[in-house]
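Let's take a quick walk through this model, one piece at a time. Have the sequence and the structure open as you read.

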Amino acid sequence: MTPPSSPETQTGLAAIAAHVGGPLDAVLPGFRTAVEGMGMKLVDADGGASVTLSRGQILVSADGASTQLQLLPKDRMGAQVLRDLLDTLTSRMGVALTWDDPLPKGRPANLSLARVVSSERISPSFQRIAVTAPDLARFGEGGLHFTLPQGAEGQDWPFTDEGGVTRWPGGAEVWHRPVFTTREITEGPDGPVLTFDVFWHDTGRTPGWVASLVAGDEIALMGPSGSAMPKPSAYLGLIADETAVPVVARILAQADPAVMGQAVLVVPSPEDRQEIAGPSGVQVTWLYRSEGKSPLDGLPLLALPDSDRYVLFAAEKSEAAAAKEALTERGLVRGEFLAASYWSA
């Protein structure tokens, strides 16, 4: 594979180079196994191979007795994601990675330190948290989600080493990294204010963490990550359980005002209903666990047109699997729907 003639990517960011010991033909099989083991695809090319992701590319090529690994990120966030990914891949291979241009210790590009503005119980099952920091605007674009790293009390935040790779004080395994959805971003006196909702549940570390939050606390957000806004379509069908209500709220708030469709939201009780702003042509229906309802009960409520349609189903893993089968039976094909697993029973 012929590396780029310029040391910069098409976005103007400098290409990032690293090496591992051993010739290409000895390194490539292990690299392929590591890539495919993470659900990605390695594409062979003349003189090497490549991995293409939403955040950029990893190029693999021969460099004498060693193998060069070159990162072509699309943006600063992409550079961080690719550095971390390459470190994970070579760790799985059991080979040492050497970065061509070592960096000073710093903070991950996808990590923001924010201050809690408010934390309030908005219903029996939901807590709404608002945080502010100068660099939160990016969470309004790209992926709908972000992670909230929670370490041991007094633990320092993650940092980057000389390879620009994210390192976790005490080891990554001691950090809890739950995923949340950006509900909205507004402008405040100290910069962007990001609001997100937390569904209360009885297990895990998050309830205790939420209960302890007060205005002024410092928290970290990493991202954005996960799926992006659905592609534009004339019809939008949204079905979500408690964990995905914020996703539906975000999608409807940003949807084309002309879109038609249905949104079915399942929450524990009528007291957990929220105001959901969105297109006037999208009917919002609430179903309640207290009445024995589940997200699967929302599927028959969708009045699907024959074309120009998109359906999102977001709930528990087994329910998502059942929804995928049901939507396929109704004639939806790849690209017309997503049945997403948000948690496992």
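Which residue just after H1 takes a positive phi? That's Gly39, with a phi of about 80 degrees. Keep in mind as we go that this is a predicted model.

## Helix H1

H1 covers residues 24-37, so to speak a run of 14 residues. From its first C-alpha to its last, H1 reaches 19 Å, close to the 20 Å expected at 1.5 Å a residue.

Now for the sides of the helix. Leu24, Val27, Leu28, Phe31, Ala34 and Val35 are the buried residues of H1. They sit on the same side of H1, because the arc they cover around the axis is only 135 degrees. Turn to the other side and you'll find Asp25, Ala26, Thr33 and Gly37 exposed.

## What covers H1

Start with S3 (residues 48-53) and S4 (residues 56-63), which run antiparallel and are joined by six bridges. A hairpin takes the chain from S3 to S4 through two residues, and Leu53 stands opposite Gly56 in S4.

S4 also runs antiparallel to S5 (residues 66-73), with eight bridges joining the two. In this pairing, Ile58 stands opposite Leu71 in S5. S4 and S5 form a hairpin too, with two residues between them. Gly64 lies in that turn and has a positive phi of about 65 degrees.

Technical notes:
Residues numbered from 1 in each chain as written. Predicted model: local features only at pLDDT ≥ 70, side-chain atom pairs only at ≥ 80, totals over all residues. Heavy atoms only, no water. Pairing = 2+ DSSP bridges. Helix = DSSP H or I, 4+ residues; strand = E, 2+ residues; numbered from the N terminus. Expected span 1.5 Å × (residues − 1). Buried < 20%, exposed > 50% of the residue type's maximum accessible area, 1.4 Å probe, protein only. Arc of directions from axis to C-beta.
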